[in-house]
Amino acid sequence: MRAVMVMFDSLNRHFLPNYGNDSVYMPNFERLEELTITFDKSYVASLPCIPARRELHTGRYNFMHRSWGPLEPYDDSMPQLLSQAGCHTHLVTDHVHYWEDGGSTYHNRYSSYEFVRGQEGDKWKGSAKPMDRPNVLGRWQKQDSINREYTNTDATAPMTTTFDLGLDFMKRNVKDDNWFLQIETFDPHEPFVSPDSYLEQYEKTYDGPQFDWPEYRRTNETPEQIEHVRNKYRALLSMCDKNLGRVLDTFDEYNMWENTMLIVNTDHGFLLGEHGWWAKCVQPFYDEVSHTPLFIWDPRSAKRNEHRQALVQTIDLAPTLLSFFNQPCPPDMMGKDLAPVIASDERIRDKLFFGMFGGHINCLWGDYVYMKAPKLAQDKPNLLYNYTLMPMHMRSMFSLDELKQGEYGTTFSFTKGCPLLRFPGAFGAPGGEATEPLETMIFNLAQDPEQLHPFRDEKLEEQMDGFIKDMMLENDAPKELFTLFGLDEDL
């Protein structure tokens, strides 16, 4: 058996034709729907980018115990478990966070890997020449501008090179068995950069300043500028679609559908002006971010061109792949094998949870999504802690001042007997962006699918508080976290 995962970053399902949007030209995603199972109720779990990838390896929530950071020494890693069982696992990626401090232990869990440089502010091409900020809206980085000089054509774009290398692996190994390939591109993550030929499909004229990298904040731009960013995103989606088509063509050419699983997924979505916000992490995790696209072809059941309504999320992918390769699922994995969902839409859970370290704990149950905010009473001591043996932030190690505050000795059920270091945590986005004060709220997705009308309901909240508390107990959440969220009664 073989498996191919095509993973995108920040793929907003609301912009895909598979989920009802006809504003983007994506014929290969439409083709994908005909060839696979489409999941209508797929959700995130731990957010954002690297926490999602950690649970892609471990199959369990991590947002209650630490912020953005590397795989821990005690973590189960799905690619490593497959490699140890004799399956060759190969990662091809241009995802810049893998070679930053906070993502530095993921790639070596694969049997082999290839990095493609140049995305975002990747510390790639060096230039000592001073550079003034040009007339641009949103974010700008000198390093990113330098990188763009080397990646400004279809052929030289990091996404294209990533797929080139992935297809090379597929073709060189098409006659061999027992391998897993992860083709992972940073796109359509911001900045939304693609050759002009893609943008011309959506926008003929734009007279404003360069704007392809929105900041993590509320929108304050003109409607024309906001629509320009959306068109830049649409253009990048069409580029993603073109490269996805190359994978589908290879499956067709070599008849890989007979014995090769295909997973097309993402880590989370992205807000493009909806709710008056850009981006993610600095606001509640609305549906545009938390509700994700997911497509799977499983040659065992050979089901295709059907939709599934079962609740699934990122933590399910590791158990699914281990099961596909006839490997046992470690006891610390909390996700579920999706094979029965793919085969017959079997329900594997009736509720799910998602969140970010220091943010809301979210519970989806029936038509309701409950966003429970932490209680930030000023008279309480710090109730948010990072538990880790890898003290790193997104792009740096913990500072000496942070390290001096560390306490050693806490163990959890999933750390395999290893005591951890405990450090005071910080509220806010992993990149340092400030967040607005969080409020507890509920949305009825059946009556209010755009989540425009939050409400409170004491009886419903009490019931869903019970769900969250049970989940936290099952995941051995830190004791102080129960206090932070007002769930410490009767512990």
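Helices (H or I, at least four residues) and strands (E, at least two) are DSSP runs, numbered from the N terminus. This is a predicted model, in which local features need pLDDT of at least 70 and side-chain atom pairs count only at pLDDT 80 or more, whereas totals for chains, interfaces and linings use all residues. Residues are numbered from 1 along each chain as its sequence is written, and side-chain values use heavy atoms, with hydrogens and water left out.

- Strand β4 runs parallel to strand β15 (residues 351-356), to which 2 bridges join it, and S46 stands opposite G355 in β15.

**The eight-stranded sheet**

- Another open sheet has 8 strands in the order β6-β5-β7-β1-β8-β12-β2-β13, again with mixed pairing.
- Its edges are β6 (112-115) and β13 (306-308), each of which pairs on one side only, and the twist averages 15 degrees from one strand to the next.
- Helix α5 (residues 158-172) packs on this sheet and touches β1 (2-8), β5 (88-93), β6 and β7, its direction making about 165 degrees with that of β7.
- Strand β2 (residues 37-39) and strand β12 (residues 295-297) are antiparallel and pair over 2 bridges, with I37 opposite I296 in β12.

**Overall form**

- The protein chain has 13 helices and 21 strands.
- The radius of gyration of the protein chain is 22 Å, close to the 23 Å that the globule rule gives for 491 residues, so the chain is as compact as a globular protein of that length; the radius is taken over C-alpha atoms, and the rule is 2.2 Å times the number of residues to the power 0.38.
- Along the principal axes of the protein chain, the C-alpha trace spans about 60 × 55 × 50 Å.
- Buried residues make up 60% of the 491 residues, where buried means under 20% relative accessible area, exposed over 50%, and partly exposed in between (1.4 Å probe, protein chains only).
- Of the contacts in the protein chain with a separation of 6 or more, 73% are between residues 24 or more positions apart; contact means heavy atoms within 4.5 Å.

**Buried sites**

- D187, in the loop between β7 (179-184) and α6 (196-199), is buried yet has no salt bridge, and the nearest side chain of opposite charge, R148, is 9.9 Å away; Lys and Arg count as positive and Asp and Glu as negative, while His and the chain ends are not counted.
- Leaving aside neighbours within four places in sequence, D187 is in contact with F8, D9, D94, Q119, M159, L236 and C240.
- L248 belongs to helix α7 (residues 223-253) and counts as buried because its relative accessibility is 0%.
- With neighbours within four places in sequence again set aside, the contacts of L248 are N28, R31, L32, L35, W257 and L262.
- Helix α9 (residues 317-324) is largely enclosed by the rest of the structure, because 7 of its 8 residues are buried; just after α9, N326 takes a positive phi of about 60 degrees.

**Salt bridges**

- The structure holds 30 salt bridges, each being a side-chain nitrogen of Lys or Arg within 4 Å of a carboxyl oxygen of Asp or Glu.
- K242 and D154 form one of these salt bridges (3.1 Å, N to O), linking distant parts of the chain, since K242 is in helix α7 and D154 is in the loop between α4 (142-148) and α5, 88 residues apart.
- In the salt bridge of E227 with R234, the closest N and O atoms are 2.9 Å apart; E227 is partly exposed at 32% relative accessible area, whereas R234 is buried at 11%.
- D298 and R300 also meet in a salt bridge (2.7 Å, N to O), with D298 buried at 2% relative accessible area and R300 partly exposed at 40%.

Note on methods
Pairing = 2+ DSSP bridges. Axes fitted to C-alpha atoms, helices over the stretch in contact; angles between N-to-C directions.
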